Amino acid sequence: MSHRRATRSRYLRSLASLLLLGTTPAAFAALQTFNSPGTDIDATRDAWLLASGIASAQYEVDFETGFSDGQNVSGLAGLFPGGLVITDTSSAGSARIEGTAGGVGGSNPVGSFALEHNERAYLALDFSAAPIDYLAFRDIDHSGTQVVVSFVGGSTTTTSFETTAVSGNSAEFFGLFRNDMPRITRIEMDAGGDGAWAIDNLEYGVSTVPLPGAAWLLGGALGAVLAKRRRG
Ligand SMILES: [Ca+2]
Ligand SMILES: [Ca+2]
């Protein structure tokens with residue numbers, strides 16, 4: 001084997017090792033969550049924006065225009081930007097626009113309208129038409145909600161957010177950033193409480209900047225290999 005070929009072979013083995021390292025699950029950081037306990041919505045949202053690498057979300061849905069009080073949007077395609085479909089997967093099939101003060105189990109929408117659900121399993125946000133990097137919303141009037149997050153490729157992880165107050169302007173903030181996980185295709189939420197909760201002020205989309213973590217490490221390592229190869 002010539003010196004050049006041996007050197008090239010060594011580089012390719014290094015490259016293969018790095019690629020294998022990059023696909024080892026332990027090298028990946030987990031999904032990040034940002035959960036306001038009620039009094040620090042702005043600070044929690046700022047931390048979510050920073051981690052997600054964005055100044056503002058690609059898509060925003062506040063339900064303020066284009067909807068009517070009581071409208072059932074469950075399972076309807078074409079209503080929300082980015083291909084989002086919102087579905088109540090329970091037999092009730094009810095995910096409705098709520099426009100009455102106190103109408104969410106005693107709590108108010110943010111602004112005039114929110115999306116109300118019956119707290120049965122599940123309220124599902126489906127992004128499979130255009131998988132996302134980040135998602136946030138205000139959670140209103142529940143006693144704790146379990147969340148199943150699905151990723152491109154089919155893996156899932158679970159998380160949760162805690163109770164809000166149950167009357168007045170009780171909305172809190174909950175955000176997700178995929179970090180080193182694959183893009184998010186779907187989240188399913190099982191809320192507890194008095195049979196009525198809501199989400200509002202949805203923010204979601206894809207980042208326009210490279211992702212942190214293993215992607216950076218792998219990119220840097222590949223750059224070092226290529227630089228050494230150019231020098232050699
Ligand atoms: Ca609203
Ligand atoms: Ca409730």
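I started at T163, whose side chain reaches the backbone oxygen of H142 at 2.9 Å. I counted a polar contact as a pair of N or O atoms within 3.5 Å; within protein, one must be able to donate a hydrogen and the other to accept it, and residues adjacent in sequence count only if both atoms are side-chain atoms.

Ground rules: this is a predicted model, where local features need pLDDT of at least 70 and side-chain atom pairs pLDDT 80 or more, while totals for chains, interfaces and linings use all residues. Residues are numbered from 1 along each chain as written, chains are lettered from A and ligands numbered from 1 in written order, and side-chain values use heavy atoms, without hydrogens and water.

**T163 again.** I found T163 in the loop between β9 (156–161) and β10 (172–177); strands are DSSP runs (E, at least two residues), numbered from the N terminus. T163 and H142 sit 21 residues apart in sequence but 5.5 Å apart in space, C-alpha to C-alpha. T163 is partly exposed at 40% relative accessible area; buried is under 20%, exposed over 50%, partly exposed in between (1.4 Å probe, protein chains only).

**Calcium ion (ligand 2).** I listed its donors as E119 (OE), D141 (O), D141 (OD), D194 (OD) and A196 (O), at 2.2 to 2.5 Å. Donors are N, O and S atoms within 2.8 Å of the metal (3.2 Å for Na, K and Ca), and water is not among the atoms, so sites may look incomplete. E119 is in the β5–β6 loop and D194 in the β11–β12 loop, so the pair ties together parts 75 residues apart in sequence. E119 is buried, at 9%.

E64 and F113 link parts of the chain 49 residues apart. E64 is partly exposed at 25%, whereas F113 is buried at 17%.

**Cores.** I looked up nonpolar cores, meaning sets of buried Ala, Val, Leu, Ile, Met, Phe, Trp, Tyr and Cys residues joined through side-chain atoms within 4.5 Å. The largest has 33 residues, and F63, I86, L125, I187, M189 and L202 have the most contacts inside it. Strands β4, β6, β7, β8, β10, β11 and β12 each supply at least two of its residues. Another core, of ten residues, lies apart from it and includes L49 and F177.

Definitions and conventions:
Helices (H or I, at least four residues) and strands (E, at least two) are DSSP runs, numbered from the N terminus.
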